[in-house]
Amino acid sequence: MASELKHSQVMALPNHPSLHAHDYRQVVIGLQGQTEFELSGRGSLVGPGQGCLVSESELHAFSGRGHNEILVINLPDAVLMGELSMKQ
């Protein structure tokens, strides 16, 4: 059974690098500590109050640096087109 995509979540990233892609857009906002993201071959640190945008199907790498926390907002096309509500 496939898990349902959460609209948003607060999470900590592991300290080891991970790499993946998905078929929806994401907004990532740093809350605590630092995380590292690599998008389109360009790396950047994301700290509190900073963020990044991940395009759909974009292969991206990410990892945490020590204690960290981010807010991830997932934006599938159905949400962007008004076909799916953002109810929690």
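User: Where does Ser40 lie?
Analyst: Ser40 is in the loop between β3 and β4, with β4 covering residues 42–46. Keep in mind that this is a predicted model.

User: Is Ser40 buried or exposed?
Analyst: Exposed. Ser40 has a relative accessibility of 60%, and the cut-off for exposed is over 50%, so Ser40 counts as exposed.

User: What is the phi of Ser40?
Analyst: Phi of Ser40 is near 55°. That is a positive value, and Ser40 is not a glycine. For background, most residues other than glycine have a negative phi.

User: What about the phi of Ser57?
Analyst: Ser57 also isn't a glycine, and its phi is positive, at about 65°.

User: Where is Ser57, and is it buried or exposed?
Analyst: Ser57 sits in the loop between β5 and β6. Ser57 is exposed, with a relative accessible area of 55%.

User: Let's zoom out. How many helices and strands are in the protein chain?
Analyst: The protein chain has 1 helix and 6 strands. Reading from the N terminus, the order is β-β-β-β-β-β-α.

User: How much of the protein chain is buried?
Analyst: Of its 88 residues, 30% count as buried.

User: And what share of the contacts join residues at least 24 apart?
Analyst: Take contacts between residues at least 6 apart in sequence: 74% of them join residues at least 24 apart.

User: Back to β3. Where is Leu39, and which residues does Leu39 touch?
Analyst: Leu39 is in strand β3. Beyond four places in sequence, Leu39 touches Cys52, Leu53, Val54, Glu58 and His60.

User: Why does Leu39 count as buried?
Analyst: Its relative accessibility is 16%, and buried means under 20%, so Leu39 counts as buried.

User: Which residues make up the largest nonpolar core?
Analyst: The core has 10 residues: Leu13, Val28, Phe37, Leu39, Val46, Cys52, Val54, Phe62, Ile70 and Val72. The elements giving two or more residues to this core are β3, β5 (51–54) and β6 (60–75). As a general rule, nonpolar side chains in soluble globular proteins tend to be buried together.

User: Phe62 is in that core. What does Phe62 touch?
Analyst: Leaving out residues up to four places away, Phe62 touches Leu13, His16, Pro17, Ser18, His20, Glu36 and Phe37.

User: Tell me about Glu36. Where does Glu36 lie?
Analyst: Glu36 lies in strand β3, residues 25–39. Glu36 is partly exposed, at 32% relative accessible area.

User: Which side chain does the Glu36 side chain make a polar contact with?
Analyst: That of Arg65, at 3.5 Å. Beyond its neighbours within four places, Glu36 is in contact with Ser44, Leu45, Ala61, Phe62, Ser63 and Arg65. C-alpha to C-alpha, Glu36 is 6.2 Å from Gly64, although the two are 28 residues apart in sequence.

User: Next, Thr35. Buried or exposed?
Analyst: Buried. Thr35 has a relative accessible area of 1%, and Thr35 lies in strand β3.

User: New topic. What is the volume of the largest pocket?
Analyst: About 180 Å³.

User: How many residues line the largest pocket, and which lie nearest its centre?
Analyst: There are 14 lining residues. Met11, His20, Gln26, Phe62 and Val72 lie nearest the centre. Phe62 and Val72 are also in the largest nonpolar core.

User: Which element gives the most to the lining?
Analyst: β6, with 5 residues. β1 (8–11), β3 and β6 each supply at least two.

User: What classes of residue are in that lining?
Analyst: 8 are nonpolar and 6 are polar. None are charged.

Technical notes:
Residues are numbered from 1 along each chain as its sequence is written. This is a predicted model: local features need pLDDT of at least 70, side-chain atom pairs count only at pLDDT 80 or more; totals for chains, interfaces and linings use all residues. Side-chain values use heavy atoms; hydrogens and water are left out. Helices (H or I, at least four residues) and strands (E, at least two) are DSSP runs, numbered from the N terminus. Buried means under 20% relative accessible area, exposed over 50%, partly exposed in between (1.4 Å probe, protein chains only). Contact means heavy atoms within 4.5 Å. A polar contact is a pair of N or O atoms within 3.5 Å; within protein, one must be able to donate a hydrogen and the other to accept it, and residues adjacent in sequence count only if both atoms are side-chain atoms. A nonpolar core is a set of buried Ala, Val, Leu, Ile, Met, Phe, Trp, Tyr and Cys residues joined through side-chain atoms within 4.5 Å. On a 1 Å grid over the protein atoms alone, a cavity is a set of points where a 1.4 Å probe fits but cannot get out, and a pocket is an open set with protein on both sides within 12 Å along at least five of seven lines; lining residues have an atom within 4 Å of a point. Grid points are joined across faces, edges and corners, and a volume is the space filled by probe spheres set on the points. Ala, Val, Leu, Ile, Met, Phe, Trp, Tyr, Cys and Pro count as nonpolar, Asp, Glu, Lys and Arg as charged, and the others, Gly among them, as polar.
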